[in-house]
Amino acid sequence: MDVINQQRILDEVAIERLRQYDKWGDQIHTVTHWMSILGEEVGEADKEAVEYEASPDEIFLDRPRDPIYLDRMRKELLEAAAVSVAMIEWIDEGATYPPWYENLSPEFIRQFVDWYQKHAFPDRAFTHEKIAEFKPENDV
Ligand SMILES: [Mg+2]
């Protein structure tokens with residue numbers, strides 16, 4: 001382990017965290033929404049990994065893998081690490097949920113979770129938009 005390089009990487013994560021803060025400010029999400037944000041970044045890194053392994057041309061197999069995909073994957077991993085830092089900050093600061101979520105009744109949430117699990121949304125996030133889309137059986 002190269003601690004100097006490790007510190008350099010951690011500095012890059014801190015810079016990316018500041019960049020994200022500059023863009024989004026203080027973020028308050030449900031925990032599943034946080035995980036979907038992290039998952040989006042991991043998915044982007046995963047895409048670059050797949051591109052890297054697929055980069056040798058199928059006809060000219062002796063062509064080396066294109067390192068540009070590793071550079072792109074590295075950038076996405078830094079973004080994922082910075083989102084992880086933001087999530088840990090959110091946990092350490094009390095894991096506050098958004099006001100729109102806290103104002104929902106327990107019965108509404110129960111029906112919403114049932115509906116949500118039936119639909120298996122790919123991004124797995126309980127967002128304000130999905131809540132708004134949901135129509136409970138009874139007015140709860
Ligand atoms: Mg990204």
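Ala-95 counts as exposed in this predicted model, because 12 C-beta neighbours lie inside 10 Å and a residue with 12 or fewer is classed as exposed. Its place is in the loop between H3 and helix H4 (99-102). The phi of Ala-95 is near 50 degrees, a positive value in a residue other than glycine. Most residues other than glycine have a negative phi. A positive phi is also found at Gly-25, which follows H1 and has a value near 70 degrees.

**Overall content**

The protein has six helices and zero strands. Along the sequence the pattern reads α-α-α-α-α-α. Of the 140 residues in the protein, 9% are buried. Taking contacts between residues at least 6 apart in sequence, 76% join residues at least 24 apart.

| Helix | Residues | Number of residues | Span, first to last C-alpha | Expected span |
|---|---|---|---|---|
| H5 | 106-119 | 14 residues | 20 Å | 20 Å |

The number of buried residues among the 22 of H1 is zero, so H1 lies largely in the open. The number buried among the 14 residues of H5 is also zero, so H5 too lies largely in the open.

Tyr-116 is found in helix H5. With 18 other C-beta atoms within 10 Å, Tyr-116 is partly exposed; the count required for a buried residue is 20 or more. Tyr-116 and Ile-131 are 15 residues apart in sequence, and their C-alpha atoms are 9.4 Å apart in space.

**The H2 and H3 pair**

Helix H2 (residues 31-54) packs with helix H3 (residues 68-92) at an angle of about 165 degrees, and their axes are 8 Å apart. H2 is therefore roughly antiparallel to H3, since angles over 145 degrees count as such. The crossing in which H2 passes H3 is left-handed.

On the H2 side, the residues making the contact include Trp-34, Ile-37, Leu-38, Glu-41, Val-42 and Ala-45, with Tyr-52 also among them. On the H3 side they include Tyr-69, Leu-70, Arg-72, Met-73, Leu-77, Val-83 and Trp-90. By class, the contact of H2 with H3 has 15 nonpolar, one polar and seven charged residues. Glu-41, Glu-44, Glu-48 and Glu-51 of H2 are among the contact residues, as are Arg-72, Glu-76 and Glu-79 of H3. Ser-84 of H3 also takes part in the contact.

**The loop between H2 and H3**

Ser-55 is found in the loop between H2 and H3. Ser-55 counts as partly exposed, because 15 C-beta neighbours lie inside 10 Å. Leaving out residues up to four places away in sequence, Ser-55 touches Arg-65, Asp-66 and Tyr-69. One of these, Tyr-69, is also listed for H3 in the contact of H2 with H3. Ser-55 and Ile-68 are 13 residues apart in sequence, with a C-alpha to C-alpha distance of 9.9 Å.

Note on methods: Residues are numbered from 1 along each chain as its sequence is written. This is a predicted model: local features need pLDDT of at least 70, side-chain atom pairs count only at pLDDT 80 or more; totals for chains, interfaces and linings use all residues. Helices (H or I, at least four residues) and strands (E, at least two) are DSSP runs, numbered from the N terminus. The expected span of a helix is 1.5 Å times one less than its number of residues. Axes are lines fitted to C-alpha atoms, for helices over the stretch in contact, and angles run from 0 to 180 degrees between N-to-C directions. Angles under 35 degrees count as roughly parallel, over 145 as roughly antiparallel, 65 to 115 as roughly perpendicular and the rest as oblique. A crossing is left-handed if the near helix is turned anticlockwise from the far one by less than a right angle, and right-handed if clockwise. Two residues are in contact if their C-beta atoms, placed from the backbone, lie within 7 Å. Ala, Val, Leu, Ile, Met, Phe, Trp, Tyr, Cys and Pro count as nonpolar, Asp, Glu, Lys and Arg as charged, and the others, Gly among them, as polar.
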